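Subject: Structure handover

Hello,

Here is the structure I promised to pass on. Please open it first, then read the notes below it.

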Amino acid sequence: MPSYNFTAYFENEVLRKRPYLKKEWCIWIIEHPQRVEVQQDSRVRFWGRIEDFGNRVLRLVTLGDNT
């Protein structure tokens, strides 16, 4: 199973402002995306539907491996 690292921004800002988000959802979206888009700065956007969150779509942005 791959290991995932979360940025300090995600840990300290995103989760504080959106306490309903779960890290498990983020990992699930990365492993089962409905859509993926690579940005010019090597960040990657992932979209996925979360059944346990009212079937809503969440978007994640990950950093490139070199950051």
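A residue counts as buried under 20% relative accessible area, as exposed over 50%, and as partly exposed in between. H32 has a relative accessible area of 39%, so H32 is partly exposed. Its place is in the loop between α2 and β1. The C-alpha atoms of H32 and L15 are separated by 21 Å, although the two residues are 17 apart along the chain. Please keep in mind that this is a predicted model.

Now the sheet. Three strands make up an open sheet, in the order β1-β2-β3, with antiparallel pairing. β1 (35–38) and β3 (56–62) are at the edges with a single partner strand each, so one side of each has no neighbour in the sheet. From one strand to the next, the twist averages 20 degrees. Seven antiparallel bridges join β2 (residues 44–50) to β3. Within the sheet, G48 is opposite L58 in β3. Helix α2 (residues 23–31) packs on the sheet and touches β2 and β3. The direction of α2 makes about 110 degrees with that of β2.

Next, the core. The largest nonpolar core has 13 residues. L21, W25, I29, I50 and L58 have the most contacts inside it. Two or more residues come from each of α1 (8–17), α2, β2 and β3. What does I50 contact, leaving aside its neighbours within four places in sequence? The list is W25, W28, I29, N55, R56 and L58.

Then the aromatic rings. There are three aromatic pairs. One of them is Y20 with F53, which is stacked: 5.3 Å centre to centre, with 15 degrees between the planes. Y20 lies in the loop between α1 and α2, and F53 in the loop between β2 and β3, 33 residues apart. Are these two residues buried or exposed? Y20 is partly exposed, at 42% relative accessibility. F53 is buried, at 14%.

W25 and F53 also pair, and this pair is tilted: 5.1 Å centre to centre, 35 degrees between the planes. W25 is in helix α2 and F53 in the loop between β2 and β3, so the pair ties together parts 28 residues apart in sequence. Both W25 and F53 are buried. Y20, W25 and F53 form one aromatic cluster.

Last, charges over rings. The charged end of K23 sits over the ring of F6, 4.8 Å from its centre. The charged end of R35 sits over the ring of W47, 4.4 Å from its centre.

Best wishes

Key:
Residues are numbered from 1 along each chain as its sequence is written. This is a predicted model: local features need pLDDT of at least 70, side-chain atom pairs count only at pLDDT 80 or more; totals for chains, interfaces and linings use all residues. Side-chain values use heavy atoms; hydrogens and water are left out. Two strands pair if DSSP finds at least two bridges between them. Helices (H or I, at least four residues) and strands (E, at least two) are DSSP runs, numbered from the N terminus. Axes are lines fitted to C-alpha atoms, for helices over the stretch in contact, and angles run from 0 to 180 degrees between N-to-C directions. Contact means heavy atoms within 4.5 Å. A nonpolar core is a set of buried Ala, Val, Leu, Ile, Met, Phe, Trp, Tyr and Cys residues joined through side-chain atoms within 4.5 Å. Buried means under 20% relative accessible area, exposed over 50%, partly exposed in between (1.4 Å probe, protein chains only). Rings of Phe, Tyr and Trp (its six-membered ring) pair if their centres lie within 6.5 Å; planes under 30 degrees apart count as stacked, over 60 as edge-to-face and the rest as tilted. A charge sits over a ring if NZ of Lys or CZ of Arg is within 6 Å of the ring centre and within 35 degrees of the ring normal.
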